[in-house]
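Dear colleague,

Please find below the structure I promised to hand over. My notes on what was found in it follow directly after.

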Amino acid sequence: LNAFNAVSEDESLLRVGPWANPHLVGAVLVSVAQHVAILHVPALAAVFGTTPLGAECWAAVALAAVPVVLLDEALKGAARAGWRGRAGGRGVWLPVAMGGGGGGSGGGGGGAGIIG
């Protein structure tokens, strides 16, 4: 599911929709089909040493994916609202005024928006 969040760096997945990139949709479908086959086709399960997952386990897998999608959507929303920061960096998040590209010694816009 997280791959669909990469369809747009700034826009919500609800606005852009996962269908904006049909190649990605196809790749995800192929990947899911491969996972299901490795888990549920006996010959493949024997080769890979897996056992089939029950409905409860599949629900746990789906549930584990939801927070990642929600977090990415929240970060995109914060960026659209004018919050800036750098991933993995230390510091305090500060709002940065939205506006024209402009200055900054790094040439990357108006600054990182982090103190520290």
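Among contacts in the chain between residues at least 6 apart in sequence, what percentage join residues at least 24 apart? The figure is 37%, where contact means heavy atoms within 4.5 Å.

Two remarks on provenance come before the details. This is a predicted model, in which local features need pLDDT of at least 70 and side-chain atom pairs count only at pLDDT 80 or more, whereas totals for chains, interfaces and linings use all residues. Residues are numbered from 1 along each chain as its sequence is written, and side-chain values use heavy atoms, with hydrogens and water left out.

Overall architecture

The chain holds five helices and three strands, in the order α-α-α-α-α-β-β-β from the N terminus. Helices (H or I, at least four residues) and strands (E, at least two) are DSSP runs, numbered from the N terminus. Of the 116 residues, 15% count as buried; buried means under 20% relative accessible area, exposed over 50%, and partly exposed in between (1.4 Å probe, protein chains only). The accessible surface comes to about 8200 Å², with 67% of it belonging to carbon and sulfur atoms; these areas come from the Shrake-Rupley method with a 1.4 Å probe.

Helix H3

Helix H3 covers residues 22-40, and its 19 residues should span 27 Å at 1.5 Å a residue, which agrees with the 27 Å between its end C-alpha atoms. The expected span is 1.5 Å times one less than the number of residues. Leu24, Val25 and Leu39 are buried in H3. Seen down the axis, the buried residues of H3 fall within an arc of 100 degrees, so they line one face of the helix; the arc is that of the directions from the helix axis to the C-beta atoms. Their cover includes helix H1 (2-5), helix H4 (42-48) and helix H5 (55-80). On the face turned away from the buried side are the exposed residues Pro22, His23 and Leu29. At the start of H3, a side-chain oxygen of Asn21 comes to within 3.1 Å of the backbone nitrogen of His23.

Ser12

Ser12 is found in the loop between H1 and H2 and counts as buried because its relative accessibility is 10%. Its side chain makes a polar contact with the side chain of Glu73 at 2.6 Å; a polar contact is a pair of N or O atoms within 3.5 Å, and within protein one must be able to donate a hydrogen and the other to accept it, while residues adjacent in sequence count only if both atoms are side-chain atoms. The side chain of Ser12 also reaches the backbone nitrogen of Leu14 at 3.1 Å.

With kind regards
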